[in-house]
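Hi,

Here is the structure for you to look at. My notes on it follow below.

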Amino acid sequence: MEDSGAFPTVQFGTIVTTHAIAQKPIGDAPIVFIHGMSGGRYQFMNWQRYSADHGWETYAVDLRGHHDSPANNFRKVSIEDYAQDVEKVIHGIGPCYLVGHSMGGLVAQLVASRSTEVKGVVMLATSAPGGVMGINW
């Protein structure tokens, strides 16, 4: 599942990230990839490789309770906790762009709504801020 040898890991407190550095940087700030509910930083391995090859430094986050980032009580972890995880990373790296998938898109929205360090956000198949309602035919 995870190719841990491809990029070095960097920790921000207990939050583990994978860090890819561009050989010929063109990006003005790093990209931070945020996974969804059942994911992890490993999902973005190819995205990180592609981005680095095209001049962008990236970080891919394991949110608390996912893969290498521990959670004291996973049953009580909230979206707010995940937002704080991403904010720890941003505090360590400075201005950045966020790319969030599914629940990670919701986390990205929350972080971007209150951080001046976020330069832009891309949300992929994001969760809605107000929850997801079922469709009845």
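W47 is partly exposed, because its relative accessible area is 42% (buried means under 20%, exposed over 50%, partly exposed in between, with a 1.4 Å probe and protein chains only). F33 is buried, at 2%. This is a predicted model, where local features need pLDDT of at least 70, side-chain atom pairs count only at pLDDT 80 or more, and totals for chains, interfaces and linings use all residues. Residues are numbered from 1 along each chain as its sequence is written, and side-chain values use heavy atoms, with hydrogens and water left out.

**Aromatic pairs**

The whole structure holds five aromatic pairs. Rings of Phe, Tyr and Trp (its six-membered ring) pair if their centres lie within 6.5 Å; planes under 30 degrees apart are stacked, over 60 edge-to-face, the rest tilted. One of the pairs is F12 with Y59. It is edge-to-face, with 5.9 Å centre to centre and 70° between the planes. F12 sits in strand β1 (residues 9-12) and Y59 in strand β4, so the pair ties together parts 47 residues apart in sequence. Helices (H or I, at least four residues) and strands (E, at least two) are DSSP runs, numbered from the N terminus. F12 counts as buried, at 13% relative accessibility. Y59 is buried too, at 8%.

F33 and W47 also pair edge-to-face: 5.9 Å centre to centre, 80° between the planes. F33 is in strand β3 and W47 in helix α1, 14 residues apart. Ring pairs join F33, F44 and W47 into a cluster.

**Helix α1**

Helix α1 covers residues 45-53, and M45, Q48, S51 and A52 are buried there. They lie on the same side of α1, because they cover an arc of only 130° around the axis (taken from the directions from the helix axis to the C-beta atoms). N46, Y50 and D53 are exposed on the other side. The buried residues of α1 pack against β2 (15-20), β3 (31-34) and β4 (58-62).

**The cores**

A nonpolar core is a set of buried Ala, Val, Leu, Ile, Met, Phe, Trp, Tyr and Cys residues joined through side-chain atoms within 4.5 Å. The largest has 20 residues. V32, I34, V86, L98 and V111 have the most contacts inside it. Helix α2 gives the most to this core: five residues. A second, separate core of five residues includes I31, F33, F44 and A60.

Best wishes

Technical notes. Contact = heavy atoms within 4.5 Å.
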